[in-house]
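Please look over the points below with the coordinates open.

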Amino acid sequence: MENQTIENGRTPAQQQEVETLRAIAKKPALQRVPTYLKLSGPGWLQGAMTLGGGSAVTSLTIGALFGYELLWVQPISMLIGCIMLYVLSHQTLHTQKKPFESMKKHVNKPIAWGWALAAFASSIIWGFAHYPLSAGMMEEIIVVTTGFSVDPENTFIRDLYLLGLAIIAWAGVAYTALKYGEHEGSGNAVKFFETGIKVLTGLIVIAFAWVVISASINGKVDWAAVAAGYIPSSFPDTAQGVTVVMAALGSAVGINMTFIYGYTLLHKKWTADHAELSRYDIGIGLVVPYVVVTSLISIAAAGAFFGSDMGIEGKLSPTQAGTMFMSAGLDEVTSRLIFAFGILGMAIGSLVMHMLCCGSAAAAMFNFPENSTKYKIALLAPTPAVLGVFVWKTMGPYVILPTAAICGFLLPIAYIGWALLNNKKDYLGDAMPTGTKRLFINLAMVLCIITVLASVTYSTLVKLGYL
C-alpha cells in the first residue's frame, strides 16, 4: 500500500531509499554520483531560485564590461554561500526541526521573525522584476517566431500587451507552485516538480551553450583568456569593478533561498541518513548549474561586447543583449530566440520558487499546514508582482533599495544565528561538530559572514551615494 508505514515511521519507498544510500556509502565518490543525481532534489530548487534575472544581468555585465577577467567572481561567491547551506542542511537533517522554530527557540525570536519576514517580502518584491523580464522575453520569442509585434511608440497598448504576457507566465507559475504544495508529503508530486526543475535547468544550460558555441564558431571567444579568467589573479581597480565584485560576492545566495531550503529538505522526508546526499545535492543541483550558466552568459557577453564600439555603460539588460548579440554577428535564432528562451527559463524557475518561499514563510510564522487553504493563499502572495510591467522602473528609491538593504543586512545576521546553532550542544546533541572539524567549520562560517557583511555594507553605501 502507498501509505503503508513501517516501525521507524518511514514508508517502504523511503526505507528503500535509505538502504540504497547505506549500500553505496563505501563506494568511491564517483561511483556514488549517478545514484545521488537520481535522488537529488532540494539543491535543484535552490538552483532554480538563484538562477533568476539578477544572475543574468550580473553575468552579462561582468562579461560585457570586464571581459574574461572576472569569471572567477561568481563561482567564488557561490562557494561562499554554500558554506552556510551545508551548515543549515546538517542542522535540519539531524534535528528534524523546522529552521524558523529552531532560530526562534535557540537563538532569538526577533531575528527569526526578521528572517522569515525578509524572505517573504523579498520573494514578492523581486517578482516585480521577474514578471516584466518574463514578459519581455516572451515578446521577443513571439516577434522572432511569428513576426507579430506591438508598436513600441504606443506605450499604453504595449504595456497592456506585456501585462497579458506576464499574466500568462503567472498562470503557469501559480499552477506549478500549487501542485507542489497540494499534497503534503506526496512523493510523486515532489518528484514530478523536482524533475521538471532539472529538465528546465538542463534546457537553460543548452540554450546558453548554444549561444557560446555559435560565438566561438564566429571567432568571438578567446578560450585561453577564458581559462585564465577563473584564476583570481587580479582585482578591479575602478569603482564600478569593485562594486560589481562586492555585489556578486553577497548575492549568490539570497535570504529567501536560505529560508526555504530547510523546508524543502523536510518536505522530502530526508533525515540524517541523507546528510551526504544533501551535500552532493547542493553541488549537483546548485553549484554546478549556477557556475555553468553564469559562466556561459559572461563568456558570450565578453566575446561579443567587450572592447567593442557599442558604448556599453552600467548594467546590460537581457533584452538589450539579445539585439546586441545579433549586431555582433550572431544569427537571429541564436541571439534573440535561443537566448530569450534561456532567460525566460531562468525567470520562470525563480518565480516558482518565490511562491514556494512565500508559502513556507507564512506557514512557519503562523503555524498552519503546508497543504491548507491558508498556505495556498500565501503561495499566491507574489501575484501583484505582475504589475511590475508598469511600475518596476519607478520602484527603486521607494521599495527596491530599502528591501535590498534590509534583506542584505538580515542575511549575515541569519548566518550568525546558524553559526550559534551549530555550536549548541542542547540543539544538535551528538551531531554537533567537535575538535578540528568544529574549528574548520567555524572559521569557514566566520569567513562567509564577514564577506557577506562587507558586500552588503559596500553595496548599500554605493546605492546611497556615499561611495
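1. A salt bridge here means a side-chain nitrogen of Lys or Arg within 4 Å of a carboxyl oxygen of Asp or Glu. The model is predicted, and 8 such bridges are found in the structure.

2. E140 belongs to helix α8 (residues 127–146) and R336 to helix α16 (residues 332–366), so the bridge ties together parts that are 196 residues apart in sequence. E332 belongs to the picture as well: salt bridges with shared partners join E140, E332 and R336 into one network.

3. Are E140 and R336 buried or exposed? E140 has a relative accessible area of 10% and is buried. R336, at 14%, also counts as buried. Both calls rest on the cut-off for buried, which is under 20% relative accessible area.

4. A second pair is R22 with D273, where the closest N and O atoms are 3.3 Å apart. R22 lies in helix α1 (residues 12–24), while D273 sits in the loop between α13 (255–267) and α14 (275–305), so this bridge ties together parts that are 251 residues apart in sequence. R22 is partly exposed, at 48% relative accessible area. D273 is also partly exposed, at 30%.

5. Which helix holds both K104 and E101? Both residues lie in helix α6 (residues 99–106), 3 residues apart, or about one turn of the helix. K104 has a relative accessible area of 22% and is partly exposed. E101 is partly exposed too, with 33%.

6. The next point concerns nonpolar surface. F156, I157, L160, L387 and F390 make up a nonpolar patch, and together they have about 460 Å² of accessible area. Helix α9 (residues 155–180) gives the most to this patch, contributing 3 residues.

7. I157 is a patch member that is found in helix α9. At 40% relative accessibility, I157 counts as partly exposed.

Key
Residues are numbered from 1 along each chain as its sequence is written. This is a predicted model: local features need pLDDT of at least 70, side-chain atom pairs count only at pLDDT 80 or more; totals for chains, interfaces and linings use all residues. Side-chain values use heavy atoms; hydrogens and water are left out. Helices (H or I, at least four residues) and strands (E, at least two) are DSSP runs, numbered from the N terminus. Buried means under 20% relative accessible area, exposed over 50%, partly exposed in between (1.4 Å probe, protein chains only). Patches are made of residues with over 30% relative accessible area and no salt bridge: like charges are joined within 9 Å, nonpolar side chains (Val, Leu, Ile, Met, Phe, Trp, Tyr) within 5 Å. Accessible areas come from the Shrake-Rupley method with a 1.4 Å probe; for residues, only the protein chains shown count as cover.
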